[in-house]
Amino acid sequence: MSPPATGGAFKVTTEGGRIIGTEPFADDPDPSAIPDILPQAVHHRSRVARPSIRRGWLERRDRAGRGSDEFVELPWDEALDIAAAEIDRIRKEHGNKAIFGGSYGWSSAGRFHHAQSQVHRFLNSIGGYVASFGSYSTGCAQAIMPHVFGVSFLRYLYNEQDSWQTIAENTETLVMFGGINKKNAQVSMGGITRHDTASWFDRFHAKGMRCLNIGPQRRDAPEGCEWLPVRPGSDTALMLALAFVLEQEGLTDHDFLARYTVGFELFRPYLMGSSDGMPKTPEWASPICGTDPDTIRALARRMASTRTLITVAWSLQRAEHGEQPYWMSAVLAAMLGQIGLPGGGVGYGYGAIGGIGKSMKSLRGVTLDQLQNPVGTFIPVARIADMLANPGVPYDFNGRREPYPDIRLVYWAGGNPFHHHQDLNRLSEAWKCPETVIVNEPWWTATAKRADIVFPATTSYEREDIGRTDLDEYLFNMPALIEPVGEARDDYDIFSGLAERLGEGARFTEGRSSEDWLRQLYDGYRESGAAAGVEVPGFDDLRAQNWVKLPIVQEPPLPSFLARFRADPEGNALNTPSGRIEIFSETVDGFGYADCPGHPAWLERPNGWVRPRRRPRCTLSRRSPATSCTASSRAPWLISRMPAPSGC
Ligand SMILES: Nc1nc2c(c(=O)[nH]1)N[C@H]1C(S)=C(S)[C@@H](COP(=O)(O)OP(=O)(O)OC[C@H]3O[C@@H](n4cnc5c(=O)[nH]c(N)nc54)[C@H](O)[C@@H]3O)O[C@H]1N2
Ligand SMILES: Nc1nc2c(c(=O)[nH]1)N[C@H]1C(S)=C(S)[C@@H](COP(=O)(O)OP(=O)(O)OC[C@H]3O[C@@H](n4cnc5c(=O)[nH]c(N)nc54)[C@H](O)[C@@H]3O)O[C@H]1N2
Ligand SMILES: [Mo]
């Protein structure tokens with residue numbers, strides 16, 4: 001048995017070339033059980049053993065048999081030759097703008113073998129690809145929140161909202177839409193070592209903080225929190241009702257609104273019902289949310305009379321009209337006048353992944369350069385099915401109108417759209433449009449089964465890497481613990497082989513082996529650490545130590561951009577058109593989207609709570625007329641108004 005070595009933020013034990021067990025990381029107060037699956041998963045019979053090509057595609061370039069055909073196993077060289085020739089044909093006949101390489105997905109925790117970085121670098125080295133914008137995690141928020149706070153949503157999340165420490169010290173009432181759930185905080189991009197969500201709540205409870213979980217599930221917040229059940233998707237109505245009570249009872253902080261926000265006077269008539277005849281009272285919200293009106297009133301009063309932090313789970317925006325609860329939560333927090341005060345205002349996604357709420361010095365990442373993309377076209381990430389089925393058809397997104405690109409080849413590495421997309425029947429239809437689909441995967445996932453060419457990829461345990469994320473204070477060497485399973489190769493080697501055949505080997509590899517790259521990326525990281533006054537050991541020392549705890553925890557946390565804005569609204573004006581928090585956005589209003597006014601609103605679903613059943617059809621030209629501001633149920637962060645339908 002070999003001594004346990006970290007496979008990231010936990011230890012892995014091997015015997016006879018196989019992973020036989022995992023152990024928690026020593027510093028972890030509340031380890032996750034997820035790594036327990038590793039010994040079975042890594043050696044599972046569903047691993048892709050050898051390069052495999054779908055018979056129908058190999059013999060007659062058939063597309064219809066995707067997902068049902070058998071696969072033919074080929075030697076690596078032969079399979080790489082075939083794939084390279086096909087990529088070359090597509091780029092010569094249709095240009096690189098016919099290659100979709102968005103390749104959304106989480107893939108590995110390691111920084112060099114990060115599959116998305118690898119596939120993007122490879123495709124850029126051979127002339128570029130159509131990319132995707134945003135994530136399934138926070139795509140809708142990424143579109144709307146810059147209009148409201150003038151900052152990228154990811155920066156707000158990761159660098160600028162209150163730390164757990166600040167909350168523990170200052171917050172009196174924690175109002176959690178969608179809860180704060182340790183089930184989600186088990187994982188994080190790049191790995192998470194200390195799972196401490198539960199211990200923070202122990203501190204909150206010990207100091208008597210009132211913690212209220214608002215959402216469909218009691219277990220979305222730790223023991224000791226109160227629960228206010230609401231129907232999923234109804235949060236905007238509840239927030240409006242809370243805002244109504246503030247305004248009706250004279251609890252709105254109008255001084256704050258006057259100094260730090262714009263557009264309340266345009267929102268107020270909607271809130272109070274003078275513009276649409278429908279005051280957003282607790283009685284109005286009650287049947288929508290399933291919440292008693294008196295409870296809503298009492299909560300509004302409590303929020304106005306104590307230091308209140310509103311938190312919103314990412315799930316609320318991963319839905320139809322997902323921009324509305326996010327925007328409305330900012331408006332509600334502004335009306336309370338506590339934005340920019342420690343432990344007050346609004347924060348997003350605490351607990352959504354581990355590490356949010358840690359206050360840390362930010363160093364340059366251990367990041368592979370993806371090179372420039374000469375194509376420069378992107379789609380919002382969840383528009384994959386719409387794009388494949390509707391080449392050339394214009395679509396709206398966040399104020400711009402663009403035609404969908406005409407995609408002939410899809411390359412996916414490190415993601416599973418047949419797990420992550422919304423309407424899989426629609427995706428399944430649209431997936432038959434491109435001429436060729438290539439996938440790198442360790443396992444025979446639903447997506448691999450629907451590909452034409454499948455290259456078996458190694459997992460993190462079969463190659464050396466560096467584990468590092470800005471959301472965690474630990475730095476890891478992730479040694480290769482076992483030999484590649486079957487004939488699996490690292491994504492880097494797969495892409496090196498393809499780039500070589502396409503005449504761009506030197507551009508892709510720069511003559512470096514994986515180990516050369518690791519050293520180079522690591523040295524860059526080390527230098528940036530030194531520049532920030534953080535000592536990082538040399539690569540060989542890290543290898544010997546396996547992991548190191550970096551002195552980067554920021555105590556006390558730096559004031560957030562909203563605290564700086566509050567202190568000096570002119571000197572630290574926000575990067576919105578008005579320089580302030582936008583309760584009404586001229587920009588969004590100017591998009592002219594019929595069902596999305598320039599302020600947050602409760603938007604009824606077209607068919608109430610029951611969604612129409614969409615039968616998959618053979619034609620690819622189905623199009624729903626549903627509209628949304630930056631969101632629709634199928635594609636949560638874009639506008640789904642579509643002109644004439646078309647097939648592929
Ligand atoms: N119904 C529903 N759907 C959802 C969500 C939801 O809440 N409900 N959540 C959405 C969200 S937020 C997200 S982020 C997505 C997640 O979507 P994905 O990230 O696409 O989901 P995973 O299944 O983790 O896919 C990662 C794939 O990468 C593969 N992989 C791992 N390591 C490597 C590697 O080194 N190389 C290669 N080539 N492949 C590797 C894994 O085997 C796996 O198949 O799902 C979204 N979809
Ligand atoms: N164990 C585990 N952890 C994960 C992941 C995983 O696959 N497994 N995926 C990771 C990823 S990629 C992401 S993006 C994050 C996602 O993080 P989140 O989006 O926060 O996670 P979810 O589990 O989708 O939703 C959290 C809770 O919100 C509640 N909820 C759903 N809809 C509504 C609503 O309309 N209103 C209210 N009030 N509540 C609602 C649900 O009860 C749910 O339990 O999780 C990350 N963490
Ligand atoms: Mo996600």
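Where in the chain is the place of proline 556? Proline 556 sits in the loop between β22 (547-549) and α23 (561-567); helices (H or I, at least four residues) and strands (E, at least two) are DSSP runs, numbered from the N terminus. The peptide bond that joins glutamate 555 to proline 556 is cis, its omega being near -5°.

## Basis of the model

This is a predicted model, in which local features need pLDDT of at least 70 and side-chain atom pairs count only at pLDDT 80 or more, while totals for chains, interfaces and linings use all residues. Residues are numbered from 1 along each chain as its sequence is written, chains are lettered from A and ligands numbered from 1 in the order in which they are written, and side-chain values use heavy atoms, with hydrogens and water left out.

## Overall fold

The protein chain contains 24 helices and 23 strands. Its radius of gyration is 26 Å, close to the 26 Å that the globule rule gives for 648 residues, so the chain is as compact as a globular protein of that length. The radius is taken over C-alpha atoms, and the globule rule is 2.2 Å times the number of residues to the power 0.38. Along the principal axes, the C-alpha trace spans about 75 × 60 × 45 Å.

Of the 648 residues, 60% count as buried (buried means under 20% relative accessible area, exposed over 50%, partly exposed in between, with a 1.4 Å probe and protein chains only). The chain exposes about 24700 Å², and carbon and sulfur atoms supply 49% of that area. Accessible areas come from the Shrake-Rupley method with a 1.4 Å probe; for residues, only the protein chains shown count as cover. Among contacts (heavy atoms within 4.5 Å) with a separation of 6 or more, residues 24 or more positions apart account for 73%.

## Ligand 1

Around ligand 1 there are 23 residues, and Trp106, His419, His420, Glu441 and Asp491 come nearest. A residue is near a molecule or strand if one of its heavy atoms lies within 4 Å of it. By class, the shell holds seven nonpolar, twelve polar and four charged residues. Here Ala, Val, Leu, Ile, Met, Phe, Trp, Tyr, Cys and Pro count as nonpolar, Asp, Glu, Lys and Arg as charged, and the others, Gly among them, as polar.

Oxygen atoms of ligand 1 make polar contacts at 2.6 Å with an N or O atom in the side chain of histidine 420, at 2.8 Å with a polar side-chain atom of arginine 463 and at 2.8 Å with a polar backbone atom of asparagine 416. A polar contact is a pair of N or O atoms within 3.5 Å; within protein, one must be able to donate a hydrogen and the other to accept it, and residues adjacent in sequence count only if both atoms are side-chain atoms. Taken alone, ligand 1 exposes 910 Å², of which the protein buries 73%. The elements giving two or more residues to its shell are α16 (417-420) and β18 (436-441).

## Ligand 2

Ligand 2 is surrounded by 23 residues, the closest being Asn184, Asp220, Gly233, Asp235 and Ser315. The shell comprises eleven nonpolar, eight polar and four charged residues.

A polar side-chain atom of lysine 183 is 2.9 Å from an oxygen atom of ligand 2. Nitrogen atoms of the ligand lie 2.9 Å from a polar backbone atom of asparagine 184 and 3.3 Å from one of glycine 178. Alone, ligand 2 exposes 910 Å², and the protein buries 75% of that.

## Buried sites

Helix α11 (residues 264-272) has Phe264, Phe267, Tyr270, Leu271 and Met272 as its buried residues. They pack against α9 (235-248), α10 (254-260), β11 (261-262) and α14 (323-336). Just after α11, glycine 273 takes a positive phi of about 90°.

Threonine 447, in helix α18 (residues 446-449), is buried at a relative accessible area of 0%. Leaving aside residues up to four places away in sequence, threonine 447 touches Asn416, Pro417, Phe418, Trp431 and Val439. Histidine 43, in the loop between α1 (38-42) and β4 (52-54), is also buried, at 18%. A polar atom of the histidine 43 side chain lies 2.9 Å from the backbone nitrogen of isoleucine 19.

## Backbone exceptions

Most residues other than glycine have a negative phi, and most peptide bonds are trans. Arginine 61 has a positive phi near 50° and is partly exposed, with a relative accessible area of 40%. Histidine 321 has a positive phi near 55° and counts as buried at 7% relative accessibility.
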